[in-house]
Amino acid sequence: MEKPAASTEPQGPRPVLGRESVQVPDDQDFRSFRSECEAEVGWNLTYSKAGVSVWVQAVEMDRTLHKIKCQMECRDVPAETLYDVLHDIEYRKKWDSNVIETFDIARLTVNADVGYYSWRCPKPLKNRDVITLRSWLPMGADYIIMNYSVKHPKYPPRKDLVRAVSIQTGYLIQSTGPKSCVITYLAQVDPKGSLPKWVVNKSSQFLAPKAMKKMYKACLKYPEWKQKHLPHFKPWLHPEQSPLPSLALSELSVQHADSLENIDESAVAESREERMGGAGGEGSDDDTSLT
């Protein structure tokens, strides 16, 4: 008897946010994340220039929960270099001017950890932070890194920052040759606020492409930087190198958006500097949800 043909419909990622308990993503989660990165149906192209494309998928029930997908061709950057750059937290502090603070908290498994990241949002919006469970998986010549928000008892929301919620955020890195690759960034983030339309438009048409290009430049400089900064230290490739303390999954809980304060910024006007695309730009090199 012949097996039924496999469905050609893209399988969206299983909603880790729907789980009542924290779980490390499994192979099916990685496969479904990859299929959504590669899907074309249901996405609206909003930007395409110089090897960078951006799509937006609006969720009608709640416009703040729009998904964004940004893809960039990386010439002269091997897939493994880009994978290292996304993992290397010390290097990120050097090239990502959006970072306020970022650090790893604890190790869960050989390919999963918990970390903290806070970032600057375009003025005059409030800055955001997240606590995420991050997991990663090499898939032959390709790689996936993805995360979702969790609660950690020692890192509650701070008064000076808005705690955002990563519903599903991640990267698919696909090798296209010995020294080239394509990266797809996919994110669905609840920024905890009724964001003005200009923020959504800017993040999809300007900030995300700008952040991707900045990441690309960082990749070109990484090999030289890494040679001077613990060149053999790569715990994401060699788990035995990890200095992080172990943490039981039972210590974490799922971060639901409705349990956090909702900051209404819908009436915030774009500053003159932002409209001009000039002064104050250091704080707006990234997408407001690029975590």
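Asp129 is buried, at 0% relative accessibility. Buried here denotes under 20% relative accessible area, exposed over 50%, and partly exposed the range in between, with a 1.4 Å probe and protein chains only. The model is predicted: local features need pLDDT of at least 70, side-chain atom pairs count only at pLDDT 80 or more, and totals for chains, interfaces and linings use all residues. Residues are numbered from 1 along each chain as its sequence is written, and side-chain values use heavy atoms, without hydrogens and water.

Asp129 pairs with Arg163 in a salt bridge, with 2.8 Å between the closest N and O atoms. Distant parts of the chain are linked by this pair: Asp129 belongs to strand 6 and Arg163 to strand 8 (residues 162-163), 34 residues apart. Strands (E, at least two residues) and helices (H or I, at least four) are DSSP runs, numbered from the N terminus. Arg163 is also buried, at a relative accessible area of 6%.

In total, the structure contains 13 salt bridges. The criterion is a side-chain nitrogen of Lys or Arg within 4 Å of a carboxyl oxygen of Asp or Glu. One of them joins Asp113 to Arg134, with the closest N and O atoms 2.8 Å apart. Asp113 sits in strand 5 (residues 112-119) and Arg134 in strand 6 (residues 128-139). The two are 21 residues apart, and the pair links distant parts of the chain. Asp113 has a relative accessible area of 5% and is buried. Arg134 is buried too, at 15%.

Helix 2 (residues 79-87) is mostly covered, with eight of its nine residues buried. Among them are Leu82, Tyr83, Asp84 and Val85. Asp84 forms a salt bridge with Lys234 through their side chains, at 2.7 Å from N to O. Lys234 lies in the loop between helix 4 (197-227) and strand 11 (253-254), 150 residues from Asp84. Both Asp84 and Lys234 are buried.

Backbone angles were also examined. Most residues other than glycine have a negative phi. Ala50 has a positive phi, near 50°. Ala50 is placed in the loop between strand 1 (44-49) and strand 2 (52-57). With a relative accessible area of 69%, Ala50 is exposed. Leu230 likewise has a positive phi, near 50°. The loop between helix 4 and strand 11 holds Leu230. Leu230 counts as exposed, at 59% relative accessibility.
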